[in-house]
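I opened my notebook to go through this model one item at a time. Here is what I looked up, in the order I took it.

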Number of protein chains: 2
Amino acid sequence: MAATTSESEKKQEEGAEAEQVVNPWEVSAKGKIDYDKLIDRFGCQRLDQSLISRLHRLTSRLPHVFLRRGVFFAHRDFADILDAYERGDKFYLYTGRGPSSEALHLGHLIPFMFTKYLQDAFKVPLVIQLTDDEKFMWKNLTIEESQRLARENAKDIIACGFDISKTFIFADFSYVGGSFYKNMLEVAKRVTYNQAVGIFGFTGEDHIGKVSFPPVQAVPSFPSSFPHLFSGKENLRCLIPCAIDQDPYFRMTRDVAPRIGCHKPALIESLFFPALQGETGKMSASDPNSAIYVTDSAKDIKNKVNKHAFSGGQDSIEKHRQLGANLEVDIPIKYLTFFLEDDVELEHIKKEYGEGRMLTGEVKQRLVEVLTELVERHRRARASVTEEMVDAFMAIRPLPHMFD
Amino acid sequence: MAATTSESEKKQEEGAEAEQVVNPWEVSAKGKIDYDKLIDRFGCQRLDQSLISRLHRLTSRLPHVFLRRGVFFAHRDFADILDAYERGDKFYLYTGRGPSSEALHLGHLIPFMFTKYLQDAFKVPLVIQLTDDEKFMWKNLTIEESQRLARENAKDIIACGFDISKTFIFADFSYVGGSFYKNMLEVAKRVTYNQAVGIFGFTGEDHIGKVSFPPVQAVPSFPSSFPHLFSGKENLRCLIPCAIDQDPYFRMTRDVAPRIGCHKPALIESLFFPALQGETGKMSASDPNSAIYVTDSAKDIKNKVNKHAFSGGQDSIEKHRQLGANLEVDIPIKYLTFFLEDDVELEHIKKEYGEGRMLTGEVKQRLVEVLTELVERHRRARASVTEEMVDAFMAIRPLPHMFD
């Protein structure tokens with residue numbers, strides 16, 4: 001994209017709406033995603049420092065690196081969740097994943113790493129939805145394959161360290177029915193086809209399975225969808241950590257919620273994790289070299305970072321020493337911003353690299369170490385997840401100590 | 001409608017498509033429904049005498065009065081069902097009801113009376129769907145009220161005499177999930193929004209709950225939707241007795257069936273039972289005087305028939321004796337054609353009345369007797385249906401003797 005930057009920047013000024021597509025199935029932009037414009041268009045809020053400081057004070061924990069670095073950068077009604085928590089009212093967390101591929105990449109882990117932090121910090125229950133039904137409808141997959149992928153993905157999710165005494169994982173093909181189905185139709189009855197087209201961009205050639213899906217992702221926002229967890233607690237608030245491309249589902253949900261006597265779910269939303277080739281969208285499952293997968297070997301990681309990670313360094317060492325790296329477009333720096341926990345070291349690297357004293361190769365070397373350790377740790381954790389553990393997390397059961 | 005008959009007949013010739021609306025939610029015509037045109041437009045077949053004779057031979061039973069009198073008049077692939085039966089292959093029956101009102105009228109009983117005959121004649125299992133979800137979405141009803149109506153309607157259905165060892169009754173809000181939900185999405189994935197608009201006439205202002213409903217009514221056509229009944233019998237054929245306004249659902253279902261490896265369901269379809277005021281559509285729930293309800297007293301029945309049943313008799317006795325009644329528009333004769341079982345007596349009445357020897361009052365008198373007996377018998381049967389019986393019919397259970 002570097003060659004066309006100036007042209008696309010110009011176009012973006014002229015017509016950012018047209019140039020930037022963000023919905024649950026497509027994230028694309030000519031040039032970088034303009035998150036400020038996205039916040040304006042979606043109508044959510046910037047997560048400002050005062051909210052993060054308040055979170056720090058209320059939980060007595062250092063805010064997660066994803067908060068300190070602005071990875072989770074937008075929200076809807078997050079202050080209401082903190083108000084409720086401060087009053088002594090609990091809430092629950094809801095996140096999820098569409099199980100479209102066997103191997104997760106690092107971008108897929110981000111909401112789960114962050115959700116684990118929230119669960120630990122607030123000591124609240126968590127429901128995790130695996131939308132095997134969505135993937136069956138959007139991808140060329142059989143139901144059986146979608147269900148198998150959901151179960152495999154559940155192992156990666158469990159490997160993120162969730163507390164089984166507070167966590168319920170469910171896959172739609174197994175769970176939809178009963179109160180969940182009732183809530184789906186309560187939502188569906190309140191969204192016209194024209195509204196769905198406005199929110200999701202459906203066309204007449206889309207099948208009706210797609211049109212009927214948004215309520216499925218909406219209703220885990222309502223406690224009554226989980227009678228085994230929240231019976232008698234139907235007034236509990238819900239906080240949804242997710243990437244900002246999921247916002248359309250929850251704009252719809254928030255519109256419907258008060259009309260069915262429910263709280264609007266609150267949201268805390270992340271940036272997209274950039275592809276190795278540069279920050280113009282989400283990573284692509286069809287290009288394995290665009291992402292680091294949790295199944296990549298140390299050698300794979302080294303090769304991918306060294307060959308494919310877009311560098312903001314200069315063309316020659318002399319020029320680099322003189323001008324320094326352009327940190328704004330440098331993917332190794334972006335990735336370290338997500339995953340290098342030590343704030344002091346990160347600032348040091350950014351300063352040295354930005355001022356030309358550190359070279360691209362050195363930064364990439366450090367990134368390879370950080371990613372290799374992260375991936376190795378995930379792999380060890382995942383290897384210890386048994387089928388019985390998956391069954392246990394997915395069992396429809398009460399969680400007696402979910403608020404302890 | 002009598003005053004405008006000639007005008008509307010003319011219009012019907014000019015533009016019958018526009019004048020006649022038949023879909024699951026609306027049946028209306030200027031003048032009488034033109035069933036020949038409906039058969040042409042829907043693409044189903046007339047149920048001819050040779051099929052009825054074959055049914056007689058195969059089941060060794062006198063064909064039901066609804067067959068002898070042309071009430072069930074159209075079909076799709078009914079011959080295939082008879083072929084299979086003749087080879088020794090069994091099939092299953094599927095019918096249903098949208099539980100929109102507490103009290104059923106006689107028109108509502110027709111598919112159930114006929115389905116009971118088919119179950120007895122062929123000794124086959126039957127699934128009965130109560131679409132409480134549909135009625136929640138189309139009517140101004142709460143889910144709880146839709147579910148309550150489904151259960152009340154189940155009592156009327158059970159009162160028709162179904163064999164509990166061969167019959168499974170289910171309501172969608174309780175049953176949707178598992179294999180049923182999977183089949184719903186297998187169907188939904190294969191119907192575009194444009195196709196659904198073509199079949200059902202949805203508009204952009206319709207809510208997405210309506211758009212997502214047709215697969216719910218489709219999938220009881222597939223044995224795999226009922227693993228507790230048909231596990232290992234996924235290749236079983238399905239025969240659906242219903243009124244012809246339900247044909248759109250099953251045209252859609254039959255289009256999808258071979259693409260998911262299933263038999264197309266066969267259909268046997270009835271005329272609409274006419275309103276007391278005349279044969280221009282189905283009865284209207286909003287006008288209690290348009291129909292005889294199973295809750296009507298003998299006095300109600302007498303009043304309704306005498307006051308509201310449209311007569312084909314002449315204005316004066318003299319004229320009537322001279323010209324006879326117009327049987328084509330006479331509602332008492334229509335109703336007797338549905339419910340007076342004695343073929344000889346019916347022919348006698350038609351002849352005497354048509355030739356002016358019998359008066360309207362006498363025919364109405366006989367109809368009141370027939371309907372009062374039918375309604376009284378139904379009321380006695382329904383009064384004996386306990387909550388426990390409803391639970392038993394609706395229990396998710398195998399039917400070990402369903403083909404005996």
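**Entry 1: a charged pair.** I began with A:E376 and A:R379, whose side chains meet in a salt bridge at 2.6 Å, N to O. My rule for a salt bridge is a side-chain nitrogen of Lys or Arg within 4 Å of a carboxyl oxygen of Asp or Glu. A:E376 and A:R379 are three residues apart in helix 20 (residues 360–383) of chain A, so about one helical turn separates them. Helices (H or I, at least four residues) and strands (E, at least two) are DSSP runs, numbered from the N terminus.

**Entry 2: ground rules.** I note that this is a predicted model, in which local features need pLDDT of at least 70 and side-chain atom pairs count only at pLDDT 80 or more, while totals for chains, interfaces and linings use all residues. Residues are numbered from 1 along each chain as its sequence is written, chains are lettered from A and ligands numbered from 1 in the order in which they are written, and side-chain values use heavy atoms, with hydrogens and water left out.

Entry 3: I found strand 1 (residues 20–23) and strand 2 (residues 26–29) of chain A paired in the antiparallel sense over four bridges. Two strands pair here if DSSP finds at least two bridges between them.

Entry 4: Seven strands make an open sheet in the order 3-4-9-8-5-6-7 in chain A, with mixed pairing. Strand 3 (45–46) and strand 7 (167–171) of chain A are the edge strands, each pairing on one side only. Inside this order, strand 4 (residues 72–76) and strand 9 (residues 266–270) of chain A pair in the antiparallel sense over four bridges, and A:F72 has A:S270 as its bridge partner in strand 9. I then saw that helix 5 (residues 78–87) of chain A lies across strand 4, strand 5 (91–97), strand 8 (237–243) and strand 9 of chain A, at about 140° to strand 8. For such angles, axes are lines fitted to C-alpha atoms, for helices over the stretch in contact (heavy atoms within 4.5 Å), and angles run from 0 to 180 degrees between N-to-C directions.

**Entry 5: a parallel pair in chain B.** I picked strand 5 (residues 91–97) and strand 6 (residues 126–130) of chain B, which run parallel and are joined by five bridges. B:Y94 stands opposite B:V127 in strand 6 of chain B.

**Entry 6: where the chains meet.** How many residues of chain B are in contact with chain A? I get 36 residues of chain B against 36 residues of chain A. Chain B and chain A bury about 3100 Å² between them, 66% of it on carbon and sulfur atoms; buried area is the accessible area (1.4 Å probe) that two parts lose on being put together, summed over both. On the side of chain B, B:Y181, B:K189 and B:I208 lose the most area to chain A, together 24% of what that side buries. I searched for salt bridges across this interface and the rule finds zero.
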